[in-house]
Amino acid sequence: MQQNHWILAVGLMWPLSGQAIVAGNQIDQTEYNNEYSYMVSVGASVFAEDHFCGGTIIANQWVLTAAHCLVSSGTTQEDSETNPDNITQYDVAKPIELSITAGVADLEDAAISNLYRVTHVVIHPDYFPTATASTTAYQNDIALLYVERAFSGTPITLVDATRYTELLTLEPLWDPANPQPNVKVVGWGDGDATEPDPAFGGSDSTLDEVDVSFNPIADCYARVESGRDTPLYIASTTDASKLCTMSTLVVLNDQDESYGNGACEGDPGGPLTFEAADSNTYQVGIISASPVSNTICSSPTIPAWYTNLNSYLTWIESYTTAASPPSEVITKPNFITAAETPDVGGGDNSEEEEAPSQPSSCSGTPVSVGGGTTELGCSSSGGGSGGGMGSISLLGLILLWRRRINRYPF
């Protein structure tokens, strides 16, 4: 019964996930070369280089993206009688599972020279995918990827203190009856050229951009958290870890469903950008998520949120300005390393509440996956990191699940 309830939730939630930037403008190769050469596709090398998230070049060999693009459970959660009710241990995608495509506006035009092998995966140490008593969901949703050779594209400039102050001057301009298009999102959607949708203006394999409206965090908090006893996504009216936007128009599809313009499935990890008074473009956020579903898809009444880069500049620079990549090939978040480390007793347990070790009874932290609730840190196979995955990679399983769910049309 619990499993069937989860299946119903998936059927209700995932049709909301369209396939690209909603109501955006397609970017041709010339425009890409001149304005968007910092944009990259994060793909699954173990799944025919399938695009699944966006990213930005921020240094010669560094890509900035969302942590939730790279940290997942190993289960497909498909509607099978044999599928376990609980998810397997969360884990991080390995470099061999990942590739970066850069230098092309249309992913169908990619050549060998456009593909970059990922050598290092770095997840923010305090990334946490779900809400707890002390944190909201998708907290510190930021990650870095290092590639084996330098990019030819021009890195995007990240927000600084001056530009962040300028960004905040947009807050008093917020008008819910007339939201102004003053920030931008860019992405490829799910990257599938075989399923173009008229609402998006053509093939999903081509990069799209659209202007959306900066939504003050206080208003975002009121919209998202109204009626909850404990914040689930936005921590407070002054949450400095996230930024929010709202759509500026309504898009009606052929099923009489209304969407707003903005980011959708396959766009997370890509940038939220802002054109400052100096006429230069700055990345101020990373496309993260929305209450509409576990991914993001634009709603005309519900905000989308982004990782606020102003809060992570020092962490980013500690890697991008280093003389060499980190010594560890995969840098995992604390909640995973804590679950992998046996509790031998004693020592400093000051961080135990934030990243608890999981007992052998598998009484883990409740977590929302695809609209269902399950346990974090549990494995149906009874132990091990990422247990029960067999010979199929974590990322491959996640993409198989996504393709199954994507049978629902936008």
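**Salt bridges and cores**

Mentor: In this predicted model, a network of salt bridges links Asp-160, Arg-163 and Asp-278. A search of the whole structure finds eight salt bridges.

Trainee: What makes the contact between Lys-184 and Asp-211 a salt bridge?
Mentor: The closest N and O atoms of Lys-184 and Asp-211 are 2.8 Å apart, and the cut-off is a Lys or Arg side-chain nitrogen within 4 Å of a carboxyl oxygen of Asp or Glu, so the pair qualifies.

Trainee: Why is Lys-184 called buried, and why does Asp-211 count as partly exposed?
Mentor: Lys-184 has 18% relative accessibility, so it counts as buried, given that buried means under 20%. Asp-211, at 31% relative accessibility, counts as partly exposed, because that class lies between the buried limit of 20% and the exposed limit of 50%.

Trainee: How do you know that Asp-219 and Arg-223 are separated by about one helical turn?
Mentor: Asp-219 and Arg-223 are four residues apart in helix α4 (residues 217-225), which means that about one helical turn separates them. Their side chains meet in a salt bridge, at 2.7 Å from N to O. Asp-219 has 23% relative accessibility and therefore counts as partly exposed, and Arg-223, at 32%, also counts as partly exposed.

Trainee: What are the burial classes of Glu-225 and Arg-228, whose side chains meet in a salt bridge?
Mentor: The N to O distance in that salt bridge is 2.8 Å. Glu-225 has a relative accessible area of 4% and is therefore buried, whereas Arg-228, with a relative accessible area of 35%, is partly exposed.

Trainee: Which residues touch the most other members of the largest nonpolar core?
Mentor: That core has 77 residues, and those touching the most other members are Leu-64, Ile-100, Ile-123, Leu-145, Phe-151, Leu-167 and Ile-316. Leaving aside residues up to four places away in sequence, Phe-151 touches Val-40, Ile-57, Ala-59, Asn-60, Gln-61, Trp-62, Val-63, Ile-100, Ala-102 and Tyr-116. Another core, of 10 residues, lies apart from the largest one, and among its residues are Ile-217, Cys-220, Tyr-233 and Ala-289.

Definitions and conventions
Residues numbered from 1 in each chain as written. Predicted model: local features only at pLDDT ≥ 70, side-chain atom pairs only at ≥ 80, totals over all residues. Heavy atoms only, no water. Buried < 20%, exposed > 50% of the residue type's maximum accessible area, 1.4 Å probe, protein only. Helix = DSSP H or I, 4+ residues; strand = E, 2+ residues; numbered from the N terminus. Core = buried A, V, L, I, M, F, W, Y, C linked by side-chain atoms within 4.5 Å. Contact = heavy atoms within 4.5 Å.
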